[in-house]
Amino acid sequence: MIVGNSQSLAFDRELVRINRYYQDQDALFHEIATWLREKDLVHETYYEALKEREAEFPTGLHTTLYDVAIPHADPVHVKKPFIAFVRPENELFFNEMASRERTVKPKIILFLGLMKSEDQLSVLQKLMKLFSSEEFMRDCVYSNDNERIFELLEKAF
Amino acid sequence: MRTINVLSVCGSGSVTSSMIAGNVRDMLDEQGYQAHTVECNPNGVDELITNRDFDLIVHTSPLKRVYGLPTINAIGLLTGTDEEGFEEELLAAVKQLKL
């Protein structure tokens, strides 16, 4: 999913990556950063920035349905706005937002590459609604069809 | 009655903290209170609370240290998993204030 410059959102079906194994959070960040870099969506500094920000301001969320995470780096490391959907096949640990003690095991991980904080706010509000939608989350968690997940996200934004 | 000053803290200092601040103002408004909110990131807290009086802190990222103010974790409000719990805590903290 590629988010347009203004409020309008553009999407990319290639930004859905499911059922892959990642050794740990760092391996995940490394692979995703390389992937996004190949697509020319982020700067070279993205990986380090992502890792540092997650360490300082964790993004794991425990919601009513499934745990999720929304890792992101500061806008300066992003070239073009995007949201990448990642659903690992194994369990990974993220620290919970606002806490240094608790961890969550996110079923889905959305890498948010947003460039302006005004955009981030509306995207975040939409995401929070989606995370509490049973239909949306069920498909996100169980569907093995990239196309289906892409359509869901596209429809939602 | 005076305005309640709320400091809303998140990692970026602008995104989730704005969302939370809006919700806090609405919740307090419904109860007949008037609130003023300021958003910042955890590094900005010290300076802000030294320079002006805040009544409480709501936050979605870990705070750097313990402050002499009531602090309320706003994740339940953000995700919708515990809006009521957050509101209860908020109103309980507000009732302790001298307004």
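## Helices and sheet in a predicted model

Helix H4 (residues 83-95) of chain B lies across strands S1, S3 and S4 of chain B. H4(B) runs at about 175° to S4(B). The model is a predicted one.

The strands belong to an open sheet in chain B. Four strands make up this sheet, in the order S2-S1-S3-S4. Their pairing is parallel. Strand S2 (35-40) and strand S4 (71-73) of chain B stand at the edges. Each has a single partner strand, so one side of each lacks a neighbour in the sheet. From one strand to the next, the twist averages 25°.

| Helix of chain B | Strands of chain B | Angle |
|---|---|---|
| H4 (residues 83-95) | S1, S3 and S4 | about 175° to S4(B) |

Strand S1 (residues 4-9) of chain B runs parallel to S2(B), and six bridges join the two. Ser8(B) has Glu39(B) of S2(B) as its bridge partner.

Helix H1 (residues 25-38) and helix H2 (residues 46-56) of chain A pack at an angle of about 145°. Their axes are 9 Å apart. The crossing of H1(A) past H2(A) is right-handed. H1(A) contributes Asp26(A), Phe29(A), His30(A), Ala33(A), Leu36(A) and Arg37(A) to the contact. H2(A) brings Tyr46(A), Tyr47(A), Leu50(A) and Lys51(A). Of the residues in this contact, six are nonpolar, one is polar and three are charged.

How values were computed:
Residues are numbered from 1 along each chain as its sequence is written. Chains are lettered from A and ligands numbered from 1 in the order in which they are written. This is a predicted model: local features need pLDDT of at least 70, side-chain atom pairs count only at pLDDT 80 or more; totals for chains, interfaces and linings use all residues. Axes are lines fitted to C-alpha atoms, for helices over the stretch in contact, and angles run from 0 to 180 degrees between N-to-C directions. A crossing is left-handed if the near helix is turned anticlockwise from the far one by less than a right angle, and right-handed if clockwise. Two residues are in contact if their C-beta atoms, placed from the backbone, lie within 7 Å. Ala, Val, Leu, Ile, Met, Phe, Trp, Tyr, Cys and Pro count as nonpolar, Asp, Glu, Lys and Arg as charged, and the others, Gly among them, as polar. Two strands pair if DSSP finds at least two bridges between them.
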